[in-house]
Amino acid sequence: MLDYNVRGENITVTDAIREYVEKRLTKLNRYIEENAKANVNLRTYKSDNSGKVEVTIVLPYVVLRAEDTNQDLYAAVDNVSEKVERQIRKYKTKINRKSRETGFKGIDSKGEIPEEEVDDSALQIVRTKQVDLKPMSPEEAALQMDLLGHVFFIFKDAESNTDSVIYKRADGKYGLLETVE
């Protein structure tokens, strides 16, 4: 059962919007067995009159996250709910397949997923590479990443001495993942 937290930025969350979000996300309950919290963030942009919907659902072993930007906020809610549903089906199929292969019987799936819905070719590791983590600042790592033309770069933070990953976000800015030891 999902518990909803609907927030708005540059928009007043009306009862109609809240009910529509809950109605669209309620269909995910057939896949989710335990109580989970769905954080929904609605945002409007005055520059182009578009709306952005972000949904994050934290489950015990996976975090589901989807976002969509659209001129129609309700269409964005529809798109995000479909994206999250695809993620859940893909994850449940993967878990069910692994449990059948290993003989583990501890996973009880509420929503049965047909085998043909997940494309195995997207799950194959086609290359393995070993890297030597060099100590550097996040700024140096961002520069190295850009020079290589990659969207992420793993390095050892010279200041904190932890393994870190810098990545390029969809908005063109950078994100930094730091490990906790």
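Visitor: What is the relative accessible area of tyrosine 74?
Guide: The value is 34%, so tyrosine 74 counts as partly exposed. Buried means under 20% relative accessible area and exposed over 50%, with partly exposed in between (1.4 Å probe, protein chains only).

Visitor: Before we go on, what sort of model is this?
Guide: It is a predicted model, in which local features need pLDDT of at least 70 and side-chain atom pairs count only at pLDDT 80 or more, while totals for chains, interfaces and linings use all residues. Residues are numbered from 1 along each chain as its sequence is written, and side-chain values use heavy atoms, with hydrogens and water left out.

Visitor: How many aromatic pairs are there?
Guide: The count is one, where rings of Phe, Tyr and Trp (its six-membered ring) pair if their centres lie within 6.5 Å; planes under 30 degrees apart are stacked, over 60 edge-to-face, and the rest tilted. Tyrosine 20 and tyrosine 74 form the pair, edge-to-face, at 4.9 Å centre to centre and with 80 degrees between the planes. Tyrosine 20 lies in helix H1 and tyrosine 74 in helix H2, 54 residues apart, and the pair thus links distant parts of the chain. Helices (H or I, at least four residues) and strands (E, at least two) are DSSP runs numbered from the N terminus.

Visitor: Which elements make up the chain?
Guide: The protein chain has three helices and eight strands, and along the sequence they follow the pattern β-α-β-β-β-α-β-α-β-β-β.

Visitor: In what order do S1, S2, S3 and S4 lie in their sheet?
Guide: They form an open sheet in the order S1-S2-S3-S4 with mixed pairing; strands pair if DSSP finds at least two bridges between them. S1 and S4 are the edge strands, each pairing on one side only. The average twist from one strand to the next is 15 degrees. H1 packs on this sheet, touching S1, S2 and S3, and its direction makes about 140 degrees with that of S1. Contact means heavy atoms within 4.5 Å. Axes are lines fitted to C-alpha atoms, for helices over the stretch in contact, and angles run from 0 to 180 degrees between N-to-C directions.

Visitor: How many bridges join S1 to S2?
Guide: Eight, and the two strands run parallel. Glycine 8 has leucine 42 in S2 as its bridge partner, and arginine 7 stands opposite asparagine 41 in S2.

Visitor: Switching to tyrosine 45, where is it?
Guide: Tyrosine 45 sits in strand S2 and is partly exposed, at 30% relative accessible area. Leaving aside residues up to four places away in sequence, tyrosine 45 touches Ser50 and Lys52. Its C-alpha atom is 9.2 Å from that of glutamate 9, a residue 36 places apart along the chain.

Visitor: Which residues have the most contacts inside the largest nonpolar core?
Guide: Val53, Ile57 and Val84 do, in a core of 27 residues. A nonpolar core is a set of buried Ala, Val, Leu, Ile, Met, Phe, Trp, Tyr and Cys residues joined through side-chain atoms within 4.5 Å. At least two residues of this core come from each of S1 (2-9), H1 (15-26), S2 (36-45), S3 (50-58), S4 (63-70) and H2 (73-102). H2 contributes the most, with six residues. Another core, of seven residues, lies apart from it and includes Met136, Ala141, Phe155 and Ile166.

Visitor: What does valine 84 touch?
Guide: Beyond residues up to four places away in sequence, valine 84 touches Leu28, Val55, Ile57, Leu64 and Ala66.

Visitor: What is the order of the strands in the other sheet, the one with S5?
Guide: The order is S5-S6-S7-S8, in an open sheet of four strands with mixed pairing. Its edge strands, S5 (135-136) and S8 (174-178), each pair on one side only. S6 (residues 152-157) and S7 (residues 163-168) pair in the antiparallel sense over five bridges, and isoleucine 154 has valine 165 in S7 as its bridge partner. Helix H3 (residues 138-148) packs on this sheet, touching S5, S6, S7 and S8, and its direction makes about 150 degrees with that of S6.

Visitor: Finally, what share of the chain is buried?
Guide: Of the 181 residues, 33% count as buried.
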